Amino acid sequence: MEHPVAPAKEKPNSPIIIAVVIGPSSRGAVACELAKHLELLLIDEDDIIPTLQHSLPSSSSAPAPAVADSETLIDLFCELVIKIATTQVKKLDLGLIISTILPFHSLIDKLKQLADSAAARLVIVQCIEAQDATDGYQFEGVQKYTVDPKRFVAENFAAELLDKVAERNSTHLHALSLYNIYKPFTESGKSLLCKRCQEPISGPMYQCMACNEYIFHKSCAEDPNDLEVVRQSGPKNLRASKEPTEYEIRPEKQKRCETCELNNKDFSVSCRDCIFKTNMEGKFLPLIINHGSHPHPLNLIMMPTSYDYKFRCCGCGELGKSISYRCYDCNFNLHVGCVLLEPTASSSRHRHSLTLVYDSLEDTYWDNNICGFCNNERNRDHWFYYCSTCEIVAHIGCFVVD
């Protein structure tokens, strides 16, 4: 995922952050680095619980302090956290970092109430190592991030965190990450459902790295995985190379997002969530693809045309907007239409088939800088079509595929 590198510290006008870092012992380093980078108070369960345990009144029949039961200690810990958090947020207008093994529901509920009353932002940072990501926690209405402690970089994550919490849900990009989970993924004893097929989650799955809203079976996120099928199916404008001016989706295929349903609004072409949900249920485009031009999986992003999110397509080099396949790690973006370009294509403009080339590092193409159709120079960093028989190259836009 792309991260800004500038120091990321809370600014006076930025939202107050209450971050709950959860997970095994490795979470401590994550919480400490995050608190240090954001210059926020850190409350660590590993420090508080032993102190509470040894400070409780001694039993009359025992010379040493009585060992309290775990439930009592947890209640005391949660009570202490809420009191400190209330002082930090309401009296000092400051955020804080809370490090705990488990995200106790009573604690999260009270922190949500505190955050709502003070216009603060509550987020959960779950520490899971990639190779043993076997569990997860879901809390309605709370933004969640999943991080690998071994790969955690506080500067990068803090910059992203401040950027994300400053945005509204309508600008959320839903970066999906793969987790190899081999048992039912549950929340309060109930199986979570795949947002695409509505069946219980079990086995490998994709989940949004910043929220609980989008969870998919691996097979559902990658289906249809045959790009040739995708080239021939789905609304034509969803497959357009450039920004679509409108979405020609039949009324019976249109799906409203939960927000629009709640506000009793019709399907909206300016609502990214409506378009995303329509694509999800209609399976017009895969959510995750593996493309020959890039070594990492690409994640489908759908943004509303009213939101000024722009990207530079790494295929054709032109600006794009609204719909992109993106690699977050490399800041690599492609138009949907560029993803679906034919690898070998014919045109009425040339008697031979041409092959799509993703880069021109090979000596074969080094001297072929002039487009055989428009006679203008091509950019070496952009894709092109190549005829090995005639040894000519063509801009993607110049080579009209029949």
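Reply: Let us begin with a polar contact. The model is a predicted one, and in it a polar atom of the Asn-299 side chain lies 2.5 Å from the backbone nitrogen of Leu-176.

Me: Where does Asn-299 lie, and is Asn-299 buried or exposed?

Reply: Asn-299 belongs to strand 12, which covers residues 298–302. Burial is judged from relative accessible area, with under 20% counted as buried. Asn-299 has a relative accessibility of 4%, and therefore counts as buried.

Me: Which residues does Asn-299 touch, not counting residues up to four places away in sequence?

Reply: With that exclusion, the contacts of Asn-299 are His-174, Ala-175, Leu-176, Leu-287, Ile-288, Ser-324, Tyr-325, Arg-326 and Tyr-328.

Me: How many bridges join strand 4 to strand 5?

Reply: Strands of a sheet pair through backbone hydrogen bonds, in either a parallel or an antiparallel sense. Here strand 4 (residues 121–127) and strand 5 run parallel and are joined by five bridges. Opposite Val-147 of strand 5 stands Cys-127.

Me: In what order do the strands of the open sheet stand?

Reply: The open sheet consists of four strands in the order 17-18-19-20, with antiparallel pairing. Strand 17 (344–347) and strand 20 (392–395) are at the edges; each has a single partner strand, so one side of each is left without a neighbour in the sheet. From one strand to the next, the twist averages 35°. Strand 19 (residues 384–387) pairs with strand 20 over four bridges in the antiparallel sense, and the bridge partner of Tyr-386 is Val-393 in strand 20.

Me: Finally, at roughly what angle do the axes of helix 3 and helix 4 cross?

Reply: The axes of helix 3 (residues 70–91) and helix 4 (residues 105–117) cross at roughly 15° and come within 10 Å. Angles under 35 degrees count as roughly parallel, and the two helices are therefore roughly parallel to each other. Helix 3 passes helix 4 in a right-handed crossing. Among the residues that meet are Cys-78, Val-81, Ile-82 and Ala-85 in helix 3, and Leu-107, Lys-110, Leu-111 and Leu-114 in helix 4.

Terms used. Residues are numbered from 1 along each chain as its sequence is written. This is a predicted model: local features need pLDDT of at least 70, side-chain atom pairs count only at pLDDT 80 or more; totals for chains, interfaces and linings use all residues. Side-chain values use heavy atoms; hydrogens and water are left out. Two strands pair if DSSP finds at least two bridges between them. Axes are lines fitted to C-alpha atoms, for helices over the stretch in contact, and angles run from 0 to 180 degrees between N-to-C directions. Buried means under 20% relative accessible area, exposed over 50%, partly exposed in between (1.4 Å probe, protein chains only). A polar contact is a pair of N or O atoms within 3.5 Å; within protein, one must be able to donate a hydrogen and the other to accept it, and residues adjacent in sequence count only if both atoms are side-chain atoms. Contact means heavy atoms within 4.5 Å. Angles under 35 degrees count as roughly parallel, over 145 as roughly antiparallel, 65 to 115 as roughly perpendicular and the rest as oblique. A crossing is left-handed if the near helix is turned anticlockwise from the far one by less than a right angle, and right-handed if clockwise.
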